[in-house]
Amino acid sequence: MRSLRARLGLGLASGLLVVFILQWLVVTLAIRHIAEAFVASRLEHDADTIVAALQTATPMQSLLEDPRLAGVFHQPYSGHYFRITIGDRVVRSRSLWDQDLAVDRAPSGAQLRIQQPGPQNQSLLVLVRGVLLKEQEATLAVAEDLTPLRSELQRFNLQYAIVSGGALAVLLLIQQFALWLGLRPLMRIRAELDEVKDGAREQLSERVPHEMQSFVRELNAALATLRERLVRSRRALGNLAHALKTPLTLLSDLSSDKRLGRWPDIRRPMQTHTQSIANLIDRELKRARLAGAATGAAALDVQGLIDELVTTITAIHREKAVAVQREAPRGRIVFRADREDMLELLGNVIDNAFKWAHAAVRLNLAINDSLRITVEDDGPGCDAARLRQIGRRGVRLDETVPGHGLGLAIAHDIALSYRGQLAFDRSPSLGGLRVVITLPKYN
Amino acid sequence: MRLLVVEDDAELRGRLKQSLARAGFAVDAVDNGVEAGYLGTQEPYDAVVLDLGLPGRSGLEVLRQWRNDANTVPVVILTARDSWQEKVEGFKAGADDYLAKPFHMEELMARLNAVIRRRHAQPGGELRSGDLVLDEERQTVRRGTHNLELTATEFRLLRYFMLHPGRTLSKSVLTEHVYEYDADKDSNVIEAYVRRLRQKLGRDVIRTRRGQGYVFEGIR
């Protein structure tokens with residue numbers, strides 16, 4: 001059982017059920033006990049009356065004519081009976097008709113209550129009392145049929161069960177509602193966490209029940225630390241790049257000094273090494289700056305991003321009149337990724353296309369399970385061997401000479417960090433290089 | 001052509017100033033954003049080389065302020081910050097070009113020349129007027145088949161004339177675009193240089209408008 005709500009709900013409901021069954025049992029048993037006690041006390045009254053009547057009855061048989069005896073003892077099978085045994089003589093109420101009450105003799109002064117079947121399937125409660133009558137031991141048995149009482153009790157039990165069941169159902173509903181109400185802050189936190197993952201929000205709302213407050217605060221603090229760390233490391237890397245590149249510029253400027261022209265064996269390696277240091281710094285810093293798919297990334301408007309990039313790249317390559325053809329499905333294309341990463345990835349690929357194009361660059365956007373961006377140019381393209389080499393992971397940087405090199409290698413790194421890929425081939429329509437970027441939708 | 005170079009690294013600033021001056025530019029160099037913002041507003045520069053990470057005010061801030069004040073001076077951003085995010089930001093702020101460090105001086109020159117030409121609606125390539133061709137690389141001028149040597153100031157002056165053909169240019173405008181901020185400016189010197197250019201190229205190339213200035217008529 002994974003759900004907290006189901007677990008709590010089941011626990012509370014079973015507790016409620018046990019309590020209800022117990023109280024139903026207790027109530028029905030108690031009522032039955034009270035009813036039988038009531039019948040028994042009536043039987044005692046009857047017994048007292050009969051004993052009183054017996055004191056004066058001579059002969060014994062005249063007892064049946066005594067006006068103190070209730071009419072029910074004369075009506076056959078009325079459900080009210082008595083039987084008196086004195087020595088060998090037996091007196092039975094007329095209501096017994098042709099039946100008898102099977103009762104053992106009881107010593108004088110003893111009294112006991114028994115239940116036994118009676119005539120016509122009646123269920124009898126019998127009070128047996130031993131009495132001393134005119135110095136003779138006598139046993140008096142008074143009985144009453146419990147059947148009507150039992151059926152009355154049964155009806156009561158049924159009605160009581162129905163009412164209890166209804167109450168139980170209402171209570172269960174209230175309980176579920178209370179649970180839902182109580183767990184709602186948790187559900188909200190879950191929804192907010194989803195939003196954090198989507199990048200739609202940075203922090204969880206701290207307006208939660210105070211039991212959860214410290215938890216939410218801790219979580220917020222952790223989120224803030226993570227974000228801050230990313231920002232700080234990016235800033236630190238930027239500063240490092242800045243600090244390294246100015247001396248590098250000076251170094252490369254020095255290495256192209258005309259006075260060094262006389263010593264080409266010094267000048268050339270100096271230039272190559274400076275260049276390869278610059279490339280290394282470029283690629284490694286850019287890779288380190290990658291946010292990657294793991295952090296909270298916002299939903300980006302891909303078209304808008306490409307608009308900005310095309311404007312910028314057109315400005316960079318202004319000397320060249322490059323016509324940009326764009327194909328995209330209708331509607332906004334939204335993709336979850338870090339903005340800087342996407343700008344870097346697309347910027348490098350589109351810039352490379354502009355760099356090599358004669359007059360045309362084609363951009364194609366498609367989205368289904370993954371985002372697919374195709375960038376083609378009408379430039380010279382690449383031969384098959386180079387195609388395999390460019391962008392490959394682990395290609396040493398000093399081998400990726402300027403050209404279709406560094407930018408695409410960086411783009412490739414970024415695509416990989418988003419579990420995507422870059423594919424290179426010849427553009428069938430424009431004849432130059434075609435780069436296909438495929439990025440799976442991150443869940 | 002007068003340039004403003006904004007760069008906080010002293011050594012690089014020095015080399016930039018030296019290389020650009022050798023290429024025939026009058027160069028003012030500053031090391032912080034506040035001074036850059038002020039000079040860019042006060043002085044009629046033909047182009048600015050702007051670093052982004054500056055003490056005082058960031059380069060982007062300075063650039064945005066210029067564009068807000070309708071200052072359209074061509075700006076080439078020269079920075080170590082070369083992510084596409086930063087390039088997009090730079091162009092949005094109003095940059096004309098963007099060059100990432102480390103860079104080659106030749107590339108910076110080429111880009112500066114390109115933005116300056118574009119500003120004056122001149123096609124790229126060599127500056128020419130009739131059979132008069134300015135060689136910016138060697139700072140000489142070619143008329144037909146023979147080369148004429150030019151001094152640094154003559155070259156600067158002629159280039160400015162050739163970028164603004166047919167326009168009346170006052171002596172003070174010419175002074176502002178040919179000399180640095182802290183140079184000893186005497187507008188009478190311009191008269192002397194114009195006279196020397198006329199001697200080399202012919203009287204009709206530059207016409208005098210009395211009380212207003214000079215007009216480069218070009219070669220017809």
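# Chat about a two-chain model

Colleague: How many residues does the contact take from chain B and from chain A?

Modeller: The contact takes 28 residues from chain B and 33 residues from chain A. Keep in mind that this is a predicted model.

Colleague: And what is the area buried between chain B and chain A?

Modeller: About 2,700 Å² is buried between chain B and chain A, and carbon and sulfur atoms give 55% of that. The size of an interface is often given as the accessible area lost when the parts come together.

Colleague: How many salt bridges are there between chain B and chain A?

Modeller: Five salt bridges are counted between chain B and chain A. One of them joins B:Arg15 to A:Asp253, with the closest N and O atoms 2.4 Å apart.

Colleague: Which helices of chain B each supply at least two residues of the side that touches chain A?

Modeller: Helix 1 (10–22), helix 4 (84–93) and helix 5 (105–119) of chain B each supply at least two residues there. Helix 4 of chain B gives the most, with seven residues.

Colleague: How do the residues on that side of chain B divide into nonpolar, polar and charged?

Modeller: The side of chain B that touches chain A has nine nonpolar, four polar and 15 charged residues.

Colleague: New topic. What is the strand order in the open sheet of five strands in chain B?

Modeller: The order is 2-1-3-4-5, and the pairing is parallel. Strand 2 (26–30) and strand 5 (97–100) of chain B are the edge strands, each pairing on one side only. On average, neighbouring strands of this sheet are turned by 20° against each other, direction ignored.

Colleague: How many bridges pair strand 1 with strand 3 of chain B?

Modeller: Strand 1 (residues 2–6) and strand 3 (residues 47–50) of chain B pair in the parallel sense over four bridges. B:Val5 has B:Val49 in strand 3 of chain B as its bridge partner. Helix 3 (residues 59–68) of chain B packs on the sheet and touches strand 1, strand 3 and strand 4 (75–79) of chain B. The direction of helix 3 makes about 170° with that of strand 4 of chain B.

Colleague: What about the open sheet of three strands in chain B, which order does that have?

Modeller: That sheet has the order 10-12-11, with antiparallel pairing. Its edge strands are strand 10 (168–169) and strand 11 (206–209) of chain B. Four bridges pair strand 11 of chain B with strand 12 (residues 213–216) of chain B in the antiparallel sense, and B:Arg207 stands opposite B:Val215 in strand 12 of chain B.

Colleague: Which helix packs on that sheet, touching strand 10, strand 11 and strand 12 of chain B?

Modeller: Helix 6 (residues 152–163) of chain B does, and its direction makes about 70° with that of strand 12 of chain B. Helix 8 (residues 187–201) of chain B lies across strand 11 and strand 12 of chain B, at about 145° to strand 11 of chain B.

Colleague: Back to single residues. Is the peptide bond from B:Lys101 to B:Pro102 cis or trans?

Modeller: The bond from B:Lys101 to B:Pro102 is cis, with omega near -5°. B:Pro102 is in the loop between strand 5 and helix 5 of chain B. Most residues other than glycine have a negative phi, and most peptide bonds are trans.

Colleague: Is the phi of A:Trp97 positive or negative?

Modeller: A:Trp97 has a positive phi of about 55°, although it is not a glycine. A:Trp97 lies in the loop between strand 2 (89–92) and strand 3 (111–117) of chain A.

Colleague: How far apart in helix 1 of chain A are A:Arg32 and A:Glu36?

Modeller: A:Arg32 and A:Glu36 are four residues apart in helix 1 (residues 4–56) of chain A, so about one helical turn separates them. Their side chains meet in a salt bridge of 3.7 Å, N to O. A search of the whole structure finds 38 salt bridges over all chains.

Colleague: Last one. Where does A:Leu363 sit, and what stands opposite it in strand 10 of chain A?

Modeller: A:Leu363 is in strand 9 of chain A, opposite A:Arg326, and A:Val375 stands opposite A:Leu363 in strand 10 of chain A. Strand 9 (residues 360–367) pairs with strand 7 (residues 323–327) of chain A in the parallel sense over five bridges. Strand 9 and strand 10 (residues 370–377) of chain A run antiparallel, joined by seven bridges, and form a hairpin with two residues between them.

Notes: Residues are numbered from 1 along each chain as its sequence is written. Chains are lettered from A and ligands numbered from 1 in the order in which they are written. This is a predicted model: local features need pLDDT of at least 70, side-chain atom pairs count only at pLDDT 80 or more; totals for chains, interfaces and linings use all residues. Side-chain values use heavy atoms; hydrogens and water are left out. Contact means heavy atoms within 4.5 Å. Buried area is the accessible area (1.4 Å probe) that two parts lose on being put together, summed over both. A salt bridge is a side-chain nitrogen of Lys or Arg within 4 Å of a carboxyl oxygen of Asp or Glu. Ala, Val, Leu, Ile, Met, Phe, Trp, Tyr, Cys and Pro count as nonpolar, Asp, Glu, Lys and Arg as charged, and the others, Gly among them, as polar. Two strands pair if DSSP finds at least two bridges between them. Axes are lines fitted to C-alpha atoms, for helices over the stretch in contact, and angles run from 0 to 180 degrees between N-to-C directions.
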